[in-house]
Amino acid sequence: MPRGLFLTLEGPEGAGKSTQGPLLAEHLRRSGLDVLSTREPGGTPIGERIRGVLLDEAHREMAAETEMLLFAAARAQFVREVVSPALARGVTVLSDRYVDASLAYQGFGRGLDVAVVRWVNEVATGGLLPDLTVLLDIEPTAGLARARAARGKEGAVGRGDRLEQEAAAFYGRVRAGFLQLARESPQRFAVIDARGDVDEVRRRVIEAVDRFLRESRERPEPAG
Ligand SMILES: Nc1ncnc2c1ncn2[C@@H]1O[C@H](COP(=O)(O)OP(=O)(O)OP(=O)(O)O)[C@@H](O)[C@H]1O
Ligand SMILES: [Mg+2]
């Protein structure tokens with residue numbers, strides 16, 4: 001059985017990853033693929049415990065290195081329990097965030113050495129990288145405004161979790177970091193303009209993914 005495709009959605013807060021994920025999964029299913037739509041930590045019990053530590057508002061003093069290692073630890077479990085077994089069964093895996101988020105947030109955003117973050121994540125994932133990464137690109141202010149509006153609708157008190165309380169400069173570095181990662185690996189990334197309404201963005205995403213699927217069908221199957 002051919003291995004499944006591994007697709008990821010990346011981009012800053014409010015870019016629309018969680019909105020576009022299910023829409024893209026639906027499109028892929030209609031195209032005849034067996035799809036697992038997931039996000040880290042993907043329901044792994046160990047990953048959920050780690051996520052709780054990362055998001056706890058009492059943990060404001062968390063060192064950038066601790067944060068980076070915890071994300072990588074959760075990811076190690078996610079790859080082994082969720083992603084790799086699904087790919088081996090021929091399932092297409094679509095993940096809301098993955099390694100590039102750590103490179104952008106902990107590396108470019110928090111200022112850790114990007115090469116170190118990359119190396120730690122290689123250890124965590126056994127070197128598993130996505131076949132295609134859809135980067136939803138948007139100005140940080142626009143993305144944060146969407147996220148804030150969503151919290152307003154939910155009646156929350158306008159305060160996000162610990163990671164959401166970072167300054168605008170941080171988000172500027174994160175966005176620039178994502179775009180740099182895309183420039184460094186143009187064959188893996190599809191950069192999508194995430195402005196406009198949900199349906200406009202959906203059409204752009206589907207167009208890019210369909211192009212990738214066509215091209216990957218045209219590429220010869222790797223031997224073995
Ligand atoms: N194209 C769009 N136009 C307007 N609002 C949008 C659009 N896409 C998503 N939204 C809304 O913006 C908010 C944030 O979107 P979403 O949760 O999909 O972003 P996200 O990238 O998953 O953010 P996070 O990184 O915080 O998880 C949601 O309330 C969503 O309904
Ligand atoms: Mg989301």
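Mentor: By class, the shell around ligand 1 is made of five nonpolar, five polar and six charged residues, where Ala, Val, Leu, Ile, Met, Phe, Trp, Tyr, Cys and Pro count as nonpolar, Asp, Glu, Lys and Arg as charged, and the others, Gly among them, as polar. Residues are numbered from 1 along each chain as its sequence is written, while chains are lettered from A and ligands numbered from 1 in the order in which they are written. The model is predicted, so that local features need pLDDT of at least 70 and side-chain atom pairs count only at pLDDT 80 or more, whereas totals for chains, interfaces and linings use all residues; side-chain values use heavy atoms, with hydrogens and water left out.

In total, 16 residues surround ligand 1, and the closest are Gly 14, Lys 17, Ser 18, Thr 19 and Gly 196; a residue is near the ligand if one of its heavy atoms lies within 4 Å of it. Several polar contacts (pairs of N or O atoms within 3.5 Å) can be followed from here. An oxygen atom of ligand 1 is 3.3 Å from a polar backbone atom of Ala 15, an oxygen atom is 3.0 Å from an N or O atom in the side chain of Arg 97, and a nitrogen atom is 3.3 Å from an N or O atom in the side chain of Arg 146. Of the 630 Å² of accessible area that ligand 1 has on its own, the protein covers 74%, as computed by the Shrake-Rupley method with a 1.4 Å probe. Helix 1 (17-30), helix 6 (140-153) and helix 8 (198-218) each give two or more residues to the shell, and the largest share, three residues, comes from helix 1. Helices (H or I, at least four residues) and strands (E, at least two) are DSSP runs, numbered from the N terminus.

Arg 97 is buried, with a relative accessible area of 19%; buried means under 20%, exposed over 50%, and partly exposed in between, with a 1.4 Å probe and protein chains only.

Helix 4 (99-109) comes next. Eleven of its eleven residues are buried, so helix 4 is largely enclosed by the rest of the structure; among them are Val 99, Asp 100, Gln 106 and Phe 108. These buried residues pack against strand 1 (6-10), helix 3, helix 5, strand 4 (132-137), helix 7 and strand 5 (189-193), contact meaning heavy atoms within 4.5 Å. Helix 4 is followed by Gly 111, whose phi is positive, near 90 degrees.

The nonpolar packing can be described by cores (sets of buried Ala, Val, Leu, Ile, Met, Phe, Trp, Tyr and Cys residues joined through side-chain atoms within 4.5 Å). The largest has 35 residues, and those with the most contacts inside it are Phe 6, Val 83, Tyr 98, Tyr 105 and Leu 128. Helix 3 (64-88), helix 4, helix 5 (114-125) and helix 7 (168-184) each supply at least two residues of this core, with the largest share, ten residues, coming from helix 3. Not counting residues up to four places away in sequence, Val 83 touches Phe 6, Phe 78, Val 93 and Leu 128. A second, separate core of 22 residues includes Val 134, Leu 136, Ile 206 and Leu 213.

Conventions
A polar contact is a pair of N or O atoms within 3.5 Å; within protein, one must be able to donate a hydrogen and the other to accept it, and residues adjacent in sequence count only if both atoms are side-chain atoms.
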